[in-house]
Every structure is written in C-alpha cells, then in structure tokens.
Amino acid sequence: MNLLQNLIHESLVATGHVECAAIIRRKDSSIRATSVGYTPSSEQIEAITTAFKNPPQAREHGIYFNGASYSCIRADKNSVYAKKSRSGFIAVRTSTLIIFGSYSSSMYPAVCVEAVEKLGEYFREKNK
C-alpha cells in the first residue's frame, strides 16, 4: 500500500462507517488511491466534480450517482453531501485533491462525514 492508500484505510475505512473511499486529483480527475476493492468510474468522478462546479444546481436537482438519483444535503466550494434512503456519500475538496467516502444503511453518516472532513482538513493543512 502507498501512503495515500494507508491514509484511506486508517482514517476512513477503519472507522467502520466508510464503506468505500477514493482520493482523486482535481487537475486531471485521476485516481490517486482507493480503498481495497473499489474503483470509482469516470461517471462517478464526473458527478462529484460537477457538483463542486455548480453547487446550487446540485442542491436543487440532486446528484445522479452510481445509476441513482441522490438528494444533495450540502454543496459548497469545499464539501458535497448526498444521500439516497439510508446510504450516501461525502466529497471534500482541497486545493489539489477530492476525498470521497461513502456509507451504507448500516453505518452512521455523521461518523463518515467527520472522517472525510478531517482527512480533507489534514490535506488543507499540508497545502495539498
């Protein structure tokens, strides 16, 4: 595992409330690291980056992600929160990266939010 994969595992997946996660480079939307067994599709990455580009539209119309429509709970220049029934995802943007984490119905969304936001803050402090 590389450093970013270790961060994903230790900071996100190990909480027990992040189902899958990824770190994506903003400049070219390339995948820098993912949780074991997860690879975001180009459509998933596009949905996340589009929500950051136009937060009002994401909040008003929701986000089409992974073949389903998700309600957008929060969308601003730093964070996107979306849910569908009892599952959802969090995306946090830093100067160079997007950190993504999803949760399932058996997990606590608040723990997922806290973990993903903390990892985003870690990268912001490092100017990444």
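Begin by selecting strand 1 and strand 7, which run antiparallel and are joined by 6 bridges; helices (H or I, at least four residues) and strands (E, at least two) are DSSP runs, numbered from the N terminus. The model you have open is a predicted one, in which local features need pLDDT of at least 70 and side-chain atom pairs count only at pLDDT 80 or more, while totals for chains, interfaces and linings use all residues. Residues are numbered from 1 along each chain as its sequence is written, and side-chain values use heavy atoms, with hydrogens and water left out.

Stay with this pair for a moment and pick out arginine 25, whose bridge partner in strand 7 is leucine 97. On the other pairing of strand 7, 6 bridges join it to strand 6, again in an antiparallel arrangement, and here alanine 91 stands opposite phenylalanine 100 of strand 7. The link from strand 6 to strand 7 is a hairpin through 3 residues.

Now colour strand 7 (97-103) by accessibility: 7 of its 7 residues are buried, where buried means under 20% relative accessible area, exposed over 50%, and partly exposed in between, with a 1.4 Å probe and protein chains only. In a regular strand the side chains alternate between the two faces of the sheet. Both faces of strand 7 are covered, with Leu97, Ile99, Gly101 and Tyr103 buried on one side and Ile98, Phe100 and Ser102 buried on the other.

Next, show the whole sheet, which is open and has 7 strands in the order 2-1-7-6-5-4-3 with antiparallel pairing; two strands pair if DSSP finds at least two bridges between them. Strand 2 (31-34) and strand 3 (63-65) stand at the edges with a single partner strand each, so one side of each is left without a neighbour in the sheet. Neighbouring strands are turned by 25° against each other on average, direction ignored.

Helix 1 (residues 3-12) touches strand 1, strand 2 and strand 7, and its direction makes about 45° with that of strand 2. Helix 4 (residues 109-125) lies across strand 1, strand 4, strand 5, strand 6 and strand 7, running at about 165° to strand 7. For these angles, axes are lines fitted to C-alpha atoms, for helices over the stretch in contact, and the values run from 0 to 180 degrees between N-to-C directions.

Within helix 1, select asparagine 6, which is partly exposed at a relative accessible area of 28%.

Finish with two residues whose backbone deserves a look. Most residues other than glycine have a negative phi. Serine 29, in the loop between strand 1 and strand 2, has a positive phi near 60°, and at 31% relative accessibility serine 29 counts as partly exposed. Asparagine 127, in the segment after helix 4, likewise has a positive phi, near 55°, and asparagine 127 is exposed, with a relative accessible area of 63%.

Key
Contact means heavy atoms within 4.5 Å.
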